[in-house]
Amino acid sequence: MSLTLCCLLIRKFLKYYKKNFEGKKKKKAIRIRVADLPTRSLVILFDKLRIRMIHENGVTTLTEIVKEKNLKLLLESGGVEGVADALETDIKNGISGAVDDVALRQEAFGSNTYKRPPTKSLFHFVVEAFKDLTILILLFCAALSLGFGIKEDGLKEGWYDGGSIFVAVILVISVSAVSNFRQNRQFEKLSKVSNNIKIDVFRNGRRQQISIFEIVVGDVVSLKIGDQVPADGLFLDGHSLQVDESSMTGESDHVEVNSSHNPFLFSGTKVADGYAQMLVTSVGMNTTWGQMMSTISRDTNEQTPLQARLNKLTSSIGKAGLAVAFLVLVVLLVRYFTGNTEDDNGNQEFNGSKTKADDIVNAVVEIIATAVTIVVVAIPEGLPLAVTLTLAYSMKRMMADQAMVRKLSACETMGSATTICTDKTGTLTMNQMKVTKIWLGQEPIEVSSSISANLLNLIQQGVALNTTGSVYRATSESYKFEFFGSPTEKAILSWAVLDLDMDMEILKQNCTILHVEAFNSEKKRSGVLVRSKADNTIHVHWKGAAEMILAMCSSYYDASGSMKDLDDCERKTFEQIIQGMAASSLRCIAFAHKQILEEEHEIREATQKLKEDGLALVGLVGIKDPCRPGVRKAVEDCQYAGVNVKMITGDNVFTARAIATECGILRPDQGINNEAVVEGEVFRNYTPEERMEKVDKIRVMARSSPFDKLLMVQCLKQKGHVVAVTGDGTNDAPALKEADIGLSMGIQGTEVAKESSDIIILDDNFASVATVLRWGRCVYNNIQKFIQFQLTVNVAALVINFVAAVSSGEVPLTAVQLLWVNLIMDTLGALALATEQPTKELMDRPPVGRTGPLITNIMWRNLLAQALYQIAVLLTLQFKGESIFGVSEKVKDTLIFNTFVLCQVFNEFNARRLEKKNVFEGIHKNKLFLGIIGITIILQVVMVEFLKKFADTERLNWGQWGACLGIAAVSWPLGWVVKCIPVSNKPFLSYLRW
């Protein structure tokens with residue numbers, strides 16, 4: 001009783017507000033007191049126009065009635081109709097949709113958004129960066145170096161090595177933290193885009209699409225299979241509605257929603273079957289979903305497979321460095337304590353008991369500092385950073401290329417894809433469907449005026465009553481129509497309205513719908529049971545895939561409207577007609593009808609099943625959906641790149657074959673006979689051994705169910721393929737999850753499909769899938785380039801310092817110099833090589849696959865050649881540099897440092913192309929690369945000429961700079977010559993195994 005009164009007061013208040021307060025800001029709360037109620041007092045507060053109904057024993061709102069599924073209280077208030085009336089919603093036409101009306105509802109009930117948990121701060125990522133093992137090792141080395149340096153040389157000069165390591169660590173932490181922070185912000189932006197779902201609503205009698213964030217209380221929302229319920233609400237009208245509430249309750253069983261027993265719908269749940277209209281009663285933070293989502297933050301710290309492999313590689317290199325450092329430590333200690341080292345005056349350093357304890361400590365400290373330097377050079381700090389930069393950059397650029405990355409790992413995995421399983425409709429074709437062929441009986445019909453009256457009436461009923469689409473007409477005199485629904489529904493509706501003069505509203509008013517079986521991709525048909533109001537007769541109408549509807553029929557209507565028996569001969573004729581349309585790339589849809597006796601209806605009513613046999617075929621229509629321009633080229637590009645493209649479609653085998661041939665997936669000579677084309681049922685019925693044997697040969701799978709698609713993905717993965725799958729339907733979710741890369745469609749894709757995918761193709765175009773493949777390969781290739789560049793630096797520096805330390809007891813490259821090379825240059829190098837854009841040659845090579853080595857033989861060839869050259873030159877300078885250039889030892893060490901750095905600058909050009917000899921191709925397009933090279937050279941000049949004390953260098957003259965540049969420039973011709981050497985396909989490391 002009290003709720004009914006509240007609803008009436010809400011309605012009165014809305015009218016009163018519109019009349020007296022519209023356009024005015026009222027900050028003071030309006031309090032309306034309702035006294036003398038029989039059992040409880042009720043106060044309605046309008047605080048900032050937020051409506052609350054407060055009872056003596058607690059808050060009871062419309063929101064809570066829905067949340068608690070309180071059907072009794074709902075019925076007491078007049079049911080769904082009473083609530084709609086109170087909210088001033090027309091059940092049929094929705095709210096008015098006027099700007100003032102929508103604004104009032106948002107002010108009163110809130111907007112359909114929810115609070116996000118606070119964004120992670122930059123400090124959070126700084127703390128996370130400190131937890132990295134590499135950073136901890138470097139910090140330990142820095143502390144040792146700082147302590148030993150101050151002890152040996154005093155505070156004034158002893159802090160350089162340790163302090164520089166600390167500076168370097170702070171720098172790498174800063175770059176890493178800022179990069180991760182920006183990536184997190186980027187994910188937040190992407191999350192907003194991906195959450196911005198388009199919802200069908202009725203406003204002012206017109207069906208229209210609006211953003212989920214624009215939905216208000218009182219809206220009438222249209223729901224179909226695969227949709228996410230956008231807010232809490234009540235069931236208004238619909239049929240066979242099954243909702244998946246597992247996201248809320250954890251229960252996997254679907255819940256039936258209807259007007260009699262369970263009219264409650266909850267935000268965040270998914271429509272599993274059927275269709276309906278709902279009345280929105282709560283939005284945003286007033287829904288359970290909103291409250292739950294406000295506490296959940298998206299985890300952007302996922303580690304991609306490639307990052308995991310690189311961390312393993314970094315760890316392995318670090319362990320090798322520690323082993324070498326320990327070996328150097330042992331050798332140097334043995335050399336020192338056996339008297340094999342001399343001081344600056346040529347005297348033996350260690351003379352047993354004669355040597356002072358302080359001198360021994362200083363010598364041991366110096367030896368430990370040398371070992372620490374080797375550890376520092378061994379750890380490739382730039383490697384994880386390169387991956388982060390590459391993935392973040394590519395993710396941003398892919399968004400511009402119509403691909404929204406939901407999972408970071410998909411960026412790199414796509415580069416290894418060996419097979420793409422694609423849908424037909426909307427992906428390979430334009431999804432702009434039009435009825436181009438009509439058959440009534442066994443005759444093609446050119447003009448609608450030749451169709452008999454009774455047959456025309458059956459076709460119109462079959463279209464108008466058995467559809468999830470709708471038609472909008474501004475006025476009864478208007479000749480302009482708008483059609484809503486799936487592309488197939490829109491094509492059939494536009495044909496029926498424009499060519500057959502169908503009036504959908506009158507047909508719906510003349511019948512009562514008793515039961516509906518909604519279309520889904522497994523059944524490939526939909527049916528409706530109706531009772532005619534004119535004569536109280538019951539009829540069943542079916543619509544769907546032509547051969548499936550034909551199999552349900554035992555008679556047919558000819559062009560004159562007469563019913564005839566459908567014998568085997570006639571059935572064969574119809575099958576040929578269907579095949580003929582399919583061969584012309586037409587999607588063939590059939591209509592069937594049957595009048596049901598009252599007695600039969602009463603028997604079937606208990607089972608809630610429609611009659612599926614003994615039907616009469618009404619007619620056939622052929623729908624043309626042209627191939628997308630450029631799709632053939634995209635398919636050919638994928639095939640040329642060694643990626644198999646398979647088409648999986650629900651269309652019949654002849655339509656599928658025609659489209660696949662047109663798109664270039666099939667050659668004209670390929671077909672059912674050579675196992676390139678197979679039907680889903682046939683594939684399903686193969687033995688596991690047969691499936692594994694034939695799956696590689698299959699190019700097209702027709703009449704497939706979502707289970708068949710899942711089965712194919714599983715088979716391909718078992719055979720070692722890296723599989724990418726496109727999907728748009730709710731039932732595609734298992735295949736999208738099972739695939740290595742799930743690609744959902746941004747336009748036609750359901751919310752269930754999008755949530756199950758890794759990447760959303762925003763324009764539903766296969767050409768964008770090919771672009772994603774190219775970007776995936778680019779990510780993988782850029783990381784390989786940087787690994788080659790980084791390892792060349794590490795191998796050369798490690799060997800030079802090791803040989804020098806063991807032979808002379810001193811290292812030519814100090815900790816500061818090595819950190820400059822290893823960190824600053826590698827950070828800049830990562831930025832330069834990580835931002836290379838995709839090139840055509842990326843699609844000229846076969847895919848890497850699941851087990852391809854991260855460091856290929858080509859990379860080993862390139863890096864070993866450059867590293868050996870650098871080792872040879874720098875060791876020559878180490879042992880003969882003073883006599884060759886006639887310089888002091890300090891200048892010789894500076895020459896080694898300068899030559900080493902310039903070798904890396906020149907080698908950075910070589911790293912741009914792993915296989916091609918011309919490393920300068922396209923370099924003018926990458927302004928960032930050229931800028932970084934310039935910055936690196938300028939910083940190197942500053943290090944050598946101006947930071948003498950900090951970097952432990954001496955100034956060089958023009959001749960010495962020229963010599964350093966000349967030695968480094970040899971890297972270019974050397975790289976060209978090395979690339980002429982052929983390499984085996986067998987992984988290099990496999991030769992080292994016993």
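I worked with a predicted model, in which local features need pLDDT of at least 70 and side-chain atom pairs count only at pLDDT 80 or more, while totals for chains, interfaces and linings use all residues. Residues are numbered from 1 along each chain as its sequence is written, and side-chain values use heavy atoms, with hydrogens and water left out.

**Entry: Val364**

I looked up Val364 and found it in helix 12, residues 357-378 (helices are DSSP runs of H or I of at least four residues and strands are runs of E of at least two, numbered from the N terminus). Val364 is partly exposed at a relative accessible area of 22% (buried means under 20%, exposed over 50%, and partly exposed in between, with a 1.4 Å probe and protein chains only). Setting aside neighbours within four places in sequence, I noted that Val364 is in contact with Leu333 and Phe337 (contact means heavy atoms within 4.5 Å). I also noted Leu332, which is 32 residues from Val364 in sequence and 9.0 Å away in space, C-alpha to C-alpha.

**Entry: Thr899**

I then turned to Thr899 in helix 31, residues 889-911, which counts as buried at 1% relative accessibility. Not counting residues up to four places away in sequence, Thr899 touches Val873, Leu874, Leu877, Cys964, Ile967 and Ala968. A polar atom of the Thr899 side chain lies 2.7 Å from the backbone oxygen of Leu895.

**Entry: salt bridges**

I found 32 salt bridges in the structure (a side-chain nitrogen of Lys or Arg within 4 Å of a carboxyl oxygen of Asp or Glu). In one of them, Asp219 pairs with Arg203, with the closest N and O atoms 2.7 Å apart. This pair links distant parts of the chain, since Asp219 sits in the loop between strand 6 (206-211) and strand 7 (220-223) and Arg203 in strand 5 (residues 198-203), 16 residues apart; both residues are buried.

I next looked up the salt bridge between Asp423 and Lys709, whose closest N and O atoms are 2.8 Å apart. Here Asp423 lies in the loop between strand 13 (419-422) and strand 14 (434-440), and Lys709 in helix 25 (residues 706-718), 286 residues apart. Asp423 is buried at a relative accessible area of 9%, and Lys709 is buried at 4%.

Asp708, which is in helix 25, forms a salt bridge with Arg684 at 2.7 Å, N to O. Asp708 counts as buried at 0% relative accessibility, whereas Arg684 is partly exposed at 32%.

How values were computed
A polar contact is a pair of N or O atoms within 3.5 Å; within protein, one must be able to donate a hydrogen and the other to accept it, and residues adjacent in sequence count only if both atoms are side-chain atoms.
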